[in-house]
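Please examine the sequence and the structure shown here before reading the report.

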Amino acid sequence: LAASSTLLHLDLSHNKITSTKAIADKLIAPSESILSCLDLSGNKISSDGASIMGGALATNESLLSLTLRLNNIGDEGGKDLFEGLAQNATLRHLNMSANKLASGSADALLQVFEKKSQDCTLE
């Protein structure tokens with residue numbers, strides 16, 4: 001999949017995925033990635049996984065939509081993910097509904113919207 005030059009949309013929802021390192025390293029972080037839509041909803045991604053995704057998002061230039069709903073992402077992971085998103089220039093839609101986010105990640109989320117001048121949807 002990482003070498004694919006045509007894969008634009010990948011749905012890996014409801015697969016009991018716990019680690020996002022391979023996904024971040026092979027699908028999101030590479031500069032040659034053309035993946036525009038990634039759905040990881042309904043997995044078992046934790047705050048650690050969200051932190052890894054945040055690091056990959058900071059340098060990604062192709063992803064337009066990321067769905068992480070129905071996972072186990074807490075405040076610390078949400079904060080790291082939002083900090084990565086603040087550095088990202090392309091992502092327009094992020095669905096983080098039904099996770100364990102609380103006030104700890106709210107400041108990082110506000111920074112995302114302060115930095116983004118284009119339309120961005122967060123669920």
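## Overall fold

The structure is a predicted model. The protein chain contains 4 helices and 5 strands. Read from the N terminus, these elements follow the order β-α-β-α-β-α-β-α-β. The radius of gyration is 13 Å, close to the 14 Å that the globule rule gives for 123 residues, so the protein chain is as compact as a globular protein of that length.

Along the principal axes, the C-alpha atoms occupy a box of roughly 40 × 35 × 20 Å. Of the contacts between residues at least 6 apart in sequence, 85% join residues at least 24 apart.

## Surface and nonpolar core

Of the 123 residues, 45% count as buried. The accessible surface of the protein chain is about 6200 Å², and carbon and sulfur atoms account for 52% of this area.

In soluble globular proteins, nonpolar side chains tend to be buried together. In this model, the largest nonpolar core comprises 27 residues. The residues with the most contacts inside this core are Leu38, Leu40, Met53, Leu66, Leu68, Leu81 and Leu94. At least two core residues come from each of α1 (21–28), α2 (47–57), α3 and α4 (106–115).

When its neighbours within four places in sequence are set aside, the contacts of leucine 40 include Leu12, Ile17, Ile23, Met53 and Leu68. Ser13, Thr67, Arg69 and Asn71 are also among the residues in contact with leucine 40.

## The helix α2

Which residues of α2 are buried? They are Ser47, Gly49, Ala50, Met53, Gly54, Ala56 and Leu57.

## Arginine 92

Arginine 92 is located in the loop that links α3 (75–87) to β4 (93–95). Why is arginine 92 classed as partly exposed? Its relative accessible area is 33%, and this class covers values between the 20% limit for buried residues and the 50% limit for exposed ones.

The side chain of arginine 92 reaches the backbone oxygen of alanine 89 at 3.0 Å. Arginine 92 and cysteine 120 are 28 residues apart in sequence, while their C-alpha atoms are 4.5 Å apart in space.

Conventions: Residues numbered from 1 in each chain as written. Predicted model: local features only at pLDDT ≥ 70, side-chain atom pairs only at ≥ 80, totals over all residues. Heavy atoms only, no water. Buried < 20%, exposed > 50% of the residue type's maximum accessible area, 1.4 Å probe, protein only. Polar contact = N/O pair within 3.5 Å; in protein donor to acceptor, adjacent residues only side chain to side chain. Core = buried A, V, L, I, M, F, W, Y, C linked by side-chain atoms within 4.5 Å. Contact = heavy atoms within 4.5 Å. Rg over C-alpha atoms; globule rule 2.2 N^0.38 Å. Areas by Shrake-Rupley, 256 points an atom, 1.4 Å probe, with all protein chains shown as cover.
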